[in-house]
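Okay, thanks for making time, everyone. I'd like to walk you through one structure today, starting with some charged pairs and then moving on to the fold. Have a look at this.

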Amino acid sequence: MQIRAFRAEDAPTLAQLASTCSRGESDFVLNPLWQTEAELFAEFERFGILPEQHLLVAFDREGVLGMAGFLRHPGASAAALFCPIVSPGSRGRGVGGELLRSVQRLATEKLGIELAFAGIGTRNRGGYSLLTSHGFRPVRQHFWMRCDLEPAVAHTSPEGFEIGPAGPDDAEAILEIYSACGFEARDATAMRSVLVDGRHAHAVSRRDGRIVGFAELETHWPQRVWVAYVGVAPELRDRGLGSTLVAWALQRQFESGARTAMLMLSPANRTALRAYEKVGFRRARLVDVLEKRLDPTEDRLESIEND
């Protein structure tokens with residue numbers, strides 16, 4: 001067995017392997033979730049990085065055995081781990097462990113990644129044991145939720161509100177609500193960018209001409225969209241406005257050819273959980289999120305011991 005950098009011709013095999021893992025419970029990982037090679041490339045394009053620099057592939061004379069890697073914004077020191085996934089016929093041979101060791105060396109020696117986090121299904125005990133044996137520690141849990149049908153709630157505007165698509169001129173008003181919700185840091189330039197980049201869709205709710213709520217979808221996978229952020233002005237929360245925004249935005253995506261919508265949600269957020277279930281989402285998997293601070297000396301010491 002050998003390990004090398006990803007090549008474009010690996011994409012069909014890796015997409016098929018990722019799709020197989022996403023359907024099972026005992027081998028489910030949150031990343032990767034690709035079902036097609038187009039989704040693989042679209043994910044890296046969305047982040048502005050190259051898969052050839054961030055993915056490793058294990059192979060032998062029979063072909064590809066498995067993969068592992070990272071997903072991050074360009075130059076970021078924190079990254080999501082593409083957990084090692086291995087073809088069914090190659091499991092039990094130490095392939096996953098070798099991939100995990102190799103990808104951590106890639107992170108510290110070439111990519112400058114200092115913090116890695118991974119999502120893995122709670123029933124994937126083998127994958128969980130592998131990660132914890134390499135120093136990853138659980139920090140929280142999330143539901144991975146899916147909606148495979150058009151929204152189940154009305155997507156018309158509540159009385160006194162007008163729901164419609166957002167445009168670049170709405171960036172500052174959306175950012176004000178976004179920031180008040182405590183979401184990942186984003187400035188006005190970044191907000192304007194996601195409004196026009198073609199990989200997001202936004203719905204906004206207005207009352208008396210003022211934006212009071214928004215929903216942001218990630219559409220880089222046109223047939224499987226993600227609900228990224230939903231925010232409502234503090235004084236208007238708990239009135240069903242958020243779920244109505246999501247339903248309206250998803251209705252447009254399903255009409256355009258989407259087959260599935262997905263999101264991640266903390267089990268502790270009971271209010272949001274009920275709202276999303278009202279829209280039509282179901283709890284597909286419970287996911288453990290693990291983190292590890294990567295130490296370059298750890299890899300060097302391991303290399304010396306192996307020598």
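So, let's begin with Asp170 and Arg206, which form a salt bridge with their closest N and O atoms 3.0 Å apart. Keep in mind that this is a predicted model. Is Asp170 buried or exposed? It's buried, because its relative accessible area is 10%, and the cut-off for buried is under 20%. Arg206 comes out at 24%, so we call that one partly exposed.

Next pair: the side chains of Arg186 and Glu216 meet in a salt bridge too, at 2.9 Å from N to O. Again, distant parts of the chain get linked, with Arg186 in the loop between H6 and helix H7, and Glu216 in strand S9, 30 residues apart. Both Arg186 and Glu216 are buried.

Then there's Arg210 with Glu235, where the closest N and O atoms are 3.3 Å apart. Arg210 is in strand S9, and Glu235 is in the loop between S10 and helix H8, 25 residues apart. Here Arg210 is partly exposed at 43% relative accessible area, and Glu235 is partly exposed, also with a value of 43%. There's a network as well: Arg146, Asp148 and Arg282 are joined by salt bridges that share partners. How many salt bridges does the structure hold? The count is 14.

Now the fold. We've got an open sheet of 12 strands with mixed pairing, in the order S1-S2-S3-S4-S5-S12-S6-S11-S10-S9-S8-S7. The edges are S1, residues 2-5, and S7, residues 162-165, each pairing on one side only. From one strand to the next, the twist averages 30°.

Zooming in, S2 and S3 run antiparallel and are joined by 6 bridges. Val57 stands opposite Met67 in S3. Packed on the sheet is helix H2, residues 37-47, touching S2, S3, S4, S9 and S10, and its direction makes about 25° with that of S3.

Last stop, Val95, which lies in helix H4, residues 95-111. Val95 counts as buried because its relative accessibility is 2%. What does Val95 touch, leaving out residues up to four places away in sequence? The contacts are Met1, Ala58, Leu65, Val86 and Ser90. And from Val95 to Lys110, 15 residues along, the C-alpha atoms are separated by 22 Å.

Key:
Residues are numbered from 1 along each chain as its sequence is written. This is a predicted model: local features need pLDDT of at least 70, side-chain atom pairs count only at pLDDT 80 or more; totals for chains, interfaces and linings use all residues. Side-chain values use heavy atoms; hydrogens and water are left out. Two strands pair if DSSP finds at least two bridges between them. Helices (H or I, at least four residues) and strands (E, at least two) are DSSP runs, numbered from the N terminus. Axes are lines fitted to C-alpha atoms, for helices over the stretch in contact, and angles run from 0 to 180 degrees between N-to-C directions. Contact means heavy atoms within 4.5 Å. Buried means under 20% relative accessible area, exposed over 50%, partly exposed in between (1.4 Å probe, protein chains only). A salt bridge is a side-chain nitrogen of Lys or Arg within 4 Å of a carboxyl oxygen of Asp or Glu.
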